[in-house]
Every structure is written in C-alpha cells, then in structure tokens.
Amino acid sequence: MSIVGHRVIAISLLMVLLGCGQEAELPGGDGPGASGLNEQQAPQDKAAKREAVKKAFKARPVPVSTDEVVLGNLEALYSSTATLSAVEEAVVVAKTQGVVETIFVEEGMSVEQGTPLAQLDTRRLELDLARTRTNVENFQRALDRAEKLFERNMISTDAIDQARYNYEREAAAMALQAHDLSEATIRAPITGVITVRHIKLGYSMQPSSEAFEMKRADVIEVVLNVPEQELLKLKSGQKAWVRIDALEGAKYEGSVLRVAPEINPGTGTFRVTVQMMNRDGLLKPGMFSRVDILYSSRDNATLVSREAVISQREARSVFVVEAGIASRRVVETGFIQDDFIEVVSGLQAGDQVVIRGHSALKDGSQVRVVL
C-alpha cells in the first residue's frame, strides 16, 4: 500500500474516534471549522479598525490661525455715497434785449462777481437815451419858467403841476433807459466758474434769455440722504472725510454743515449736508464721492479682528485658544471700524482668538496654531 493510502486510513480512524457527525479540526487550520471561524471574525476586526481610525481622526488637533485681542482707539463712522454739488450756482440771463456783440469768457474760466461776461449791441439803447435826455432838458427848462411865472401869480397851480409832472415822467424814463444800457453788459452774479455757455456771437437776446451757467468753485457740498435710524447720531459740526474715486481716492476733510429738521415720509430719510473747501480746485460738482462722518470715538477700546467673530442669530461668539484648547466664548460687541470690532465684554487684551478654521471647531477642541 502506498503512503497516500496509509494517510487516508489514519484520517478516517481519527474521525471515528472524535465521534460520528463531528468534523475534526486539522492542524494548520485547514479544516472546515477553522474556515467558518475566520469568516465571522474578519468583519469584526475591520469594524474595530474603522472605529479606531475615526477616534484617532477626531482626536487630532485642528489646524487654526489666531490673532491677538488688542487695545486701540476706535472711531465710529457713518458711511455713505453721494455726488458733489456746488454751494452756490446761478443761471445768468439777459436783462435787456439786444444782439450779442462780444463774449468775454469761456467755459471753465473762473470769474469774480461783477465781471463782464458778454456785451450786447447798445446803439439803439444809446440813441433812445440821447433822445430822452434831450426831452428831459426841455422839460427842465419848461419847469423852471413855470416856477418863475407861478411866483408872480401869472399861472395857475394846475399849470405848474403839469410842468413838474412832465419833467419827472421824462426823467424817470431816462433813468430806466440808462439802466437798460448798463444791463446790456452781462455780468457775473456770483464768484465762480463758468460751467455752460448758451450764447454765440450774433444771438438776439430778449429779457430773461439764458446766457451762461455758473457755479461757485471754492466751496463744495455733499448732500446725503440718511436713514431715519441714524438721526440721533449725526449733528452739525461733526468731522467728515470725503474720498473721490476719480482723483485716485484723494481724501478731503470737511464737516457737517446742517442736518435737516424733518424726515421725508416718502423715503424715510433726512438730508445731511457736508461742506469742504476746494483749495486745489480739483473737486468738480457731479463727482462721485464716498463720505465718512465721525459721530463718536473711544480711547483704549478692546478690539478683535472681524474674522474672529461668529454671528448666530442674535448672539456673537469667538473661539479663545488656551493651552492648545479652543473654548467658545460669547461676547458683546460695539462699534465696527475697518477690520476690527469693539468688544464690550467677554474678552480682554492679550487673548488669542481663532480667525480661520472655525468650521471644524467645537467647544473644547484641541487645536494646532498655524500661520
């Protein structure tokens, strides 16, 4: 008998000795029992490994960036946008009739009040004035004779009254014509800049015909329409800063000139006028501007980065890092200025707060500070 045959007989005898219907477990785990046990234990090992990985992942420190709470001066500003406007402006009109004979100014020129802007043809006015002056002289002589005759009781009271009436009527007409002659020279009613010229040489002008438009240039105003909720904050005399985008963000200092005493019921806003000097002449009416009005300031305020504050409904909080642990802390905030928020309570100078990495944090999370 071969070696294989002897092995088969030995295995059969061993199975009989272990009992009928029971399967023997062979050394080395080759039997059917060993296979079943391994199949049940494998999923449990995998689940345990997954749980261990999860715990290790959750226990790892969360990378965050922090910033320090500091003390600083805080300025509370109301910010808005508006267009610049001239503090004074005028439409220059002709006050008498005539043809435009000479134009002395062009758009963009600065002129003083009373400066001649244009000259109308005055020949007809001069002729009318000369004729009336002659009439006045005649009536003056007639009045002088009437007075002498009246002194001698040679004429009645009605006669001398008529002579006096004729003289005064013609003198008034002469004064009116002299006024029209002076008005033939169109003059600047204010000191400012010529913004529009409506006339050309040869234009026939009538009284009230528009000739020029002018605006005062040395002082500029910004009129803001402010929501009524800000009414108690803004007052005349408060400092203001105006930035002009068209001038590469140039900043001009001004002040609140006046605050309207009423609210517009249609818009729920009130008018606030900011005024500033235009010393360099670069500010032009109509320019777009960004206005900041200082309505309050505080020294040694507790300031925290805006990135650190988490807003949830009506509550605000921050994560404070101490000894590698992040703790959520509710804070009460005040004014906001640029990238900082004033903290009224809940923090003190020197505290380290999380500014990036909030989303992965919970109260008590371990953290690792990175740049």
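Predicted model: local features only at pLDDT ≥ 70, side-chain atom pairs only at ≥ 80, totals over all residues.

Me: How many bridges join β2 to β15, and in which sense do the two strands run?

Reply: β2 and β15 run antiparallel and are joined by 13 bridges.

Me: How many helices and strands does the chain contain?

Reply: The chain has four helices and 21 strands. Of its 371 residues, 30% are buried. The accessible surface is about 23600 Å², and carbon and sulfur atoms account for 51% of it. Among contacts between residues at least 6 apart in sequence, 72% join residues at least 24 apart.

Me: Which members of the largest nonpolar core touch the most other members?

Reply: They are Leu84, Val222 and Ile293, in a core of 21 residues. At least two residues of this core come from each of β2 (70–86), β11 (219–227), β12 (239–244), β13 (250–259), β14 (269–277) and β15 (288–305). A second, separate core has 20 residues, including Val92, Ala94, Val111 and Ile190.

Me: What does Val222 touch, leaving aside residues up to four places away in sequence?

Reply: Its contacts include Ala82, Leu84, Val242, Val272, Met276, Ser289 and Val291.

Me: How is a pair of aromatic rings described?

Reply: Such a pair is described by the distance of the centres and the angle of the planes. The structure holds one aromatic pair. Tyr295 and Phe335 form this pair, with 6.1 Å centre to centre and 85° between the planes, an edge-to-face arrangement.

Me: Why does the pair tie together parts that are apart in sequence?

Reply: Tyr295 lies in strand β15 and Phe335 in strand β18, residues 325–337, so the pair links parts that are 40 residues apart in sequence. Tyr295 is partly exposed, its relative accessible area being 22%.

Me: In what order do the four strands of the open sheet lie, and which of them stand at the edges?

Reply: The order is β7-β6-β4-β9, with antiparallel pairing. β7 (185–187) and β9 (204–205) stand at the edges; each has a single partner strand, so one side of each has no neighbour in the sheet. β7 pairs with strand β6, residues 116–120, over three bridges. One of the facing pairs is Ala118 with Ile186, the latter in β7.

Me: Is Ser317 buried or exposed, and what does its side chain contact?

Reply: Ser317 is buried, because its relative accessible area of 4% is under the 20% limit. This residue belongs to strand β17, residues 315–322. Its side chain makes a polar contact of 3.0 Å with the side chain of Arg328. Beyond four places in sequence, Ser317 touches Ala308, Val309, Ile310, Arg328, Arg329, Val330 and Val331.

Me: Where does Ala163 lie, and is it buried or exposed?

Reply: Ala163 is in helix α4, residues 157–183, and counts as buried at 13% relative accessibility. Residues up to four places away aside, Ala163 touches Ala142, Leu143 and Ala146. The C-alpha atoms of Ala163 and Arg141 are 9.6 Å apart, while the two residues are 22 residues apart along the chain.

Me: Which residues other than glycine have a positive phi, and where do they lie?

Reply: Asn300 is one of them, with phi near 55°; this residue lies in strand β15 and is exposed, with a relative accessible area of 58%. Ala323 also has a positive phi, of about 55°. Ala323 is placed in the loop between β17 and β18 and counts as exposed at 83% relative accessibility.

Methods
Residues numbered from 1 in each chain as written. Heavy atoms only, no water. Buried < 20%, exposed > 50% of the residue type's maximum accessible area, 1.4 Å probe, protein only. Polar contact = N/O pair within 3.5 Å; in protein donor to acceptor, adjacent residues only side chain to side chain. Contact = heavy atoms within 4.5 Å. Areas by Shrake-Rupley, 256 points an atom, 1.4 Å probe, with all protein chains shown as cover. Core = buried A, V, L, I, M, F, W, Y, C linked by side-chain atoms within 4.5 Å. Pairing = 2+ DSSP bridges. Phe/Tyr/Trp six-rings, centres within 6.5 Å; stacked < 30°, edge-to-face > 60°.
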